[in-house]
Amino acid sequence: MHRPRILRSSPAIRSLVQESSLSVNDFMVPLFVVEGKGVKEEISSMPGYYRFSLDVLRDEVREISDLGLKSVLLFVKVDDSLKDNSGTEALNPDGLMQRAIRTVKEVNPNLLVLTDVALDPFSSYGHDGIVEDGKILNDATVEVLQQMAVSHIAAGADWVAPSDMMDGRIGAIRLAFEEAGYHDAGIMAYSAKYASCFYGPFRDALDSAPGFGDKKTYQMNPANIREGLKEAMLDQEEGADMLMVKPAVAYLDVIKTIKDELLLPVSAYHVSGEYAMIKAAAEKGWLNENQAILETLTSIKRAGADVIATYFAKDAARLLNS
Ligand code: PBG
């Protein structure tokens with residue numbers, strides 16, 4: 001006779017047999033940075049999430065550190081006047097990203113700083129690569145990505161997170177790091193990055209929506225899992241230190257497969273649209289926000305993610321600390 005409910009009969013036994021637990025150690029905090037002074041602008045499609053100028057970023061970094069969070073993932077929004085086809089501004093040693101890295105490290109040198117590496121916030125076309133005749137050039141883009149990655153590490157970043165999905169960029173960046181003497185710079189590869197509608201609010205945040213077409217010649221078809229596994233295998237072989245799946249909740253099977261088949265730690269990006277959905281439903285009173293946050297993040301952990309990049313990092317840290 002089986003009585004499975006015995007294992008669910010009290011809070012004590014439920015917590016003893018709980019298989020997955022969230023911890024503040026699991027989360028990476030995405031941060032959006034803009035030029036200016038005293039700027040804290042709410043992103044319209046991401047209620048409760050903001051773009052910060054560097055001075056206000058200092059307070060945010062203190063708050064993140066006080067909550068026990070240990071890593072940030074930096075993104076910048078640059079003025080249209082600085083954008084061109086090859087993302088020249090991305091290489092400016094005194095550009096917004098490079099200054100943001102230095103600012104975070106000044107406030108808390110122990111916070112792990114990861115940076116987004118892709119051309120889209122710097123591209124006049126809003127694409128992740130250099131455009132020629134309406135096509136995205138792979139190898140020419142990879143050369144810029146190598147320089148961009150080196151420039152971020154030179155500014156003090158610990159890791160780069162290439163999110164562009166060009167072929168061969170992980171190996172090329174690893175080589176560039178070796179040549180520059182950056183033997184301990186980490187690479188978190190966006191390995192299985194899907195061409196997803198769930199990035200919509202992020203593109204509002206950075207004003208980085210593609211000016212023509214879509215990203216389907218480099219980001220993956222949401223219907224494919226073997227392709228995601230292949231990309232992750234290539235990134236592991238090319239020298240990545242961590243493999244990312246993105247988005248998270250609609251791709252839990254991809255997280256699980258990559259975790260089972262490969263050896264590197266796996267991260268998952270709970271993206272802007274996934275954040276916005278919970279926020280919108282909670283605003284309408286249709287979901288309990290805190291419960292939705294913890295249940296969602298737990299599902300990502302259960303699928304096998306070691307690390308979760310999420311706009312709910314601070315909320316989750318507060319909920320877990322309370
Ligand atoms: C840029 C990049 C994107 C995201 C992270 N890095 C957008 C895109 O590829 O269009 C999306 C993150 C989110 O939606 O939260 N290459």
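This note goes through the predicted model point by point, from the overall fold to single residues.

1. Overall fold. The protein chain of this predicted model is built from eleven helices and twelve strands. Its radius of gyration is 20 Å, in agreement with the value near 20 Å that a compact globule of 322 residues would have. Along the principal axes, the C-alpha atoms fill a box of roughly 70 × 45 × 40 Å. Buried residues account for 45% of the 322 residues, and, among contacts between residues at least 6 apart in sequence, 74% join residues at least 24 apart.

2. The annotated active site. The unreviewed UniProt entry carries the annotation "active site" at Lys193 and Lys246. Lysine 193 belongs to strand 9, residues 186–193, while lysine 246 belongs to strand 10, residues 242–246.

3. Surroundings of the two lysines. Are these residues buried or exposed, given a threshold of 20 or more other C-beta atoms within 10 Å for burial? Lysine 193 is buried because 27 other C-beta atoms lie within 10 Å, and lysine 246 is buried as well, with 25 such neighbours inside 10 Å. Leaving out residues up to four places away in sequence, lysine 193 touches Ser163, Met165, Gln219, Met220 and Lys246. With sequence neighbours within four places likewise set aside, lysine 246 is in contact with Tyr190, Lys193, Tyr194, Tyr269 and Val271.

4. A cis peptide bond. The bond from lysine 246 to proline 247 is cis, with omega near -10 degrees, and proline 247 is found in the loop between strand 10 and helix 8. In general, most peptide bonds are trans, which is a reason to look at this position with care when reading the model.

5. The ligand shell. The residues around the ligand include Asp116, Asp120, Asp128, Ser163, Asp164 and Arg203, together with Ala118, Tyr199, Phe202, Val271 and Ser272. By class, the shell divides into four nonpolar, two polar and five charged residues. Ser163 of this shell is also one of the residues that lysine 193 touches, and Val271 of the shell is in contact with lysine 246.

6. The annotated binding site. UniProt, again in an unreviewed entry, places the feature "binding site" at Glu231. Glutamate 231 lies in helix 7 and is buried, with 23 other C-beta atoms within 10 Å. Apart from neighbours within four places in sequence, glutamate 231 is in contact with Ser191 and Ala192.

7. In helix 8, residues 252–261, the buried residues are Val254, Ile255, Thr257, Ile258 and Lys259; what covers them includes strand 9, helix 7, strand 10, strand 11 and helix 10. The largest nonpolar core has 96 residues, of which Val33, Leu74, Val160, Val245, Ile255 and Ala268 touch the most other members. Valine 245 is in contact with Ala192, Tyr251, Val254, Ile255, Ile258, Val266 and Ala268, leaving aside neighbours within four places in sequence. In soluble globular proteins, nonpolar side chains tend to be buried together.

8. Histidine 127. This residue lies in the loop between strand 5 and strand 6, and histidine 127 counts as buried because it has 26 C-beta neighbours inside 10 Å. Setting aside neighbours within four places in sequence, the contacts of histidine 127 are Leu119, Asp120, Ile136 and Pro210; Asp120 is also among the residues around the ligand.

9. Positive phi values. Most residues other than glycine have a negative phi. Aspartate 133, although not a glycine, has a positive phi of about 50 degrees; aspartate 133 sits in the loop between strand 6 and strand 7 and counts as exposed, with 5 C-beta neighbours inside 10 Å. Phi of aspartate 207 is near 50 degrees, also a positive value in a residue other than glycine. Aspartate 207 is found in the loop between helix 6 and helix 7 and is partly exposed, with 14 other C-beta atoms within 10 Å.

10. Proline 222. The loop between helix 6 and helix 7 also holds proline 222, which is partly exposed, with 16 C-beta neighbours inside 10 Å. Not counting residues up to four places away in sequence, proline 222 touches Tyr194, Ala195 and Ser196. Tyr194 is, in turn, among the contacts of lysine 246.

Methods. Residues are numbered from 1 along each chain as its sequence is written. This is a predicted model: local features need pLDDT of at least 70, side-chain atom pairs count only at pLDDT 80 or more; totals for chains, interfaces and linings use all residues. Helices (H or I, at least four residues) and strands (E, at least two) are DSSP runs, numbered from the N terminus. The radius of gyration is taken over C-alpha atoms; the globule rule is 2.2 Å times the number of residues to the power 0.38. A residue is buried if 20 or more other C-beta atoms lie within 10 Å of its own, exposed if 12 or fewer, and partly exposed in between; C-beta atoms are placed from the backbone. Two residues are in contact if their C-beta atoms, placed from the backbone, lie within 7 Å. A residue is near a molecule or strand if its C-beta atom, placed from the backbone, lies within 6 Å of it. Ala, Val, Leu, Ile, Met, Phe, Trp, Tyr, Cys and Pro count as nonpolar, Asp, Glu, Lys and Arg as charged, and the others, Gly among them, as polar. UniProt positions are given in the numbering used here, feature names are shortened, and annotations may be inferred rather than shown by experiment. A nonpolar core is a set of buried Ala, Val, Leu, Ile, Met, Phe, Trp, Tyr and Cys residues joined through C-beta atoms within 7 Å.
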